[in-house]
Amino acid sequence: MKKILMGLLALTLSATALAENKFGIGAGVGVSDSIYKGAEDKAYPMPLLDINYYDLYVKGATVGFQFYKDDAFAASLFVDPLAGFAVDGADLARGYDNIDDRKFQAMFGIRLDADTGFYGVKTGLSAQVGEHGGEGKISAFKAYKVDDKLTIVPSIHVKGYSGDYTDYYFGVTSDEARRNSKIDRAYKADAAYSMGLNLTADYRLTDNVALMAFLGVEKFSSEISDSPIVDDGVLYLVGVGAKYYF
């Protein structure tokens with residue numbers, strides 16, 4: 001579930017974005033369970049990149065170019081090199097572990113961000129497409145400045161996945177069903193969606209050093225949770241990190 005961890009990391013970085021032409025680098029670790037059958041929870045080291053240079057930016061693993069910005073609205077093009085729900089078949093439980101590996105895919109997209117003007121709530125809308133289909137996302141978040149050091153950012157989002165996308169990552173071919181003793185049928189996954197809640201925190205030790213933490217939960221629709229290789233349609237995430245601002 002490295003992709004979701006990186007996505008949540010990107011939210012953490014964007015929610016505490018720096019001014020133009022400033023840089024933040026650091027490191028963190030994220031832990032996620034897996035919705036695939038028998039795949040164990042894993043911890044992932046993560047680079048914390050928050051780079052803004054005029055219209056170019058790097059947030060987590062995502063690289064983008066902002067082609068429009070005013071006081072309340074911004075639009076950008078981006079590439080996400082770690083999109084998808086990659087998993088090695090051998091990581092699944094016995095009887096499921098002879099499926100084909102699912103790989104990350106590079107996805108290209110467009111993102112729109114807006115300040116609603118309603119009690120500090122900000123929204124984002126994105127759509128991206130790659131070799132194995134596309135996904136879209138709508139999100140909303142608000143930053144609460146507890147004091148001069150601590151900022152807490154709750155957020156919600158809904159994602160939609162095309163049929164090609166869900167079938168690649170969660171579908172089961174007839175050949176895979178024959179090769180695995182605990183898979184009794186082929187499964188074609190249709191277009192699906194998920195809903196998520198995230199909570200991130202940024203604590204400034206100094207003007208240049210910040211500690212970060214995040215929690216998240218994602219619930220997937222039945223088109224994904226009904227797959228023979230999916231154990232649970234709910235995914236949990238947690239992580240911590242530290243970052244230095246230049």
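Author: Start with the largest nonpolar core, which has 25 residues. Among these, Tyr-36, Phe-85, Phe-170 and Ile-224 touch the most other members. Helix 2, residues 163-170, gives the most to this core, with three residues. A nonpolar core here is a set of buried Ala, Val, Leu, Ile, Met, Phe, Trp, Tyr and Cys residues joined through side-chain atoms within 4.5 Å. Buried means under 20% relative accessible area, exposed over 50%, and partly exposed in between, with a 1.4 Å probe and protein chains only. In soluble globular proteins, nonpolar side chains tend to be buried together.

The model is predicted: local features need pLDDT of at least 70, side-chain atom pairs count only at pLDDT 80 or more, and totals for chains, interfaces and linings use all residues. Residues are numbered from 1 along each chain as its sequence is written, and side-chain values use heavy atoms, with hydrogens and water left out.

Now the backbone. Most residues other than glycine have a negative phi. Tyr-54 has a positive phi, near 55°. Tyr-54 sits in the loop between strand 2 (42-53) and strand 3 (56-59). Helices (H or I, at least four residues) and strands (E, at least two) are DSSP runs, numbered from the N terminus. Tyr-119 also has a positive phi, about 55°. Its loop joins strand 6 (105-115) and strand 7 (122-130). Tyr-119 is exposed, at 63% relative accessible area.

Back to strand 2, which holds Asn-52. Asn-52 is buried, because its relative accessible area is 12%. Its side chain makes a polar contact of 3.4 Å with that of Lys-59. Such a contact is a pair of N or O atoms within 3.5 Å; within protein, one must be able to donate a hydrogen and the other to accept it, and residues adjacent in sequence count only if both atoms are side-chain atoms.
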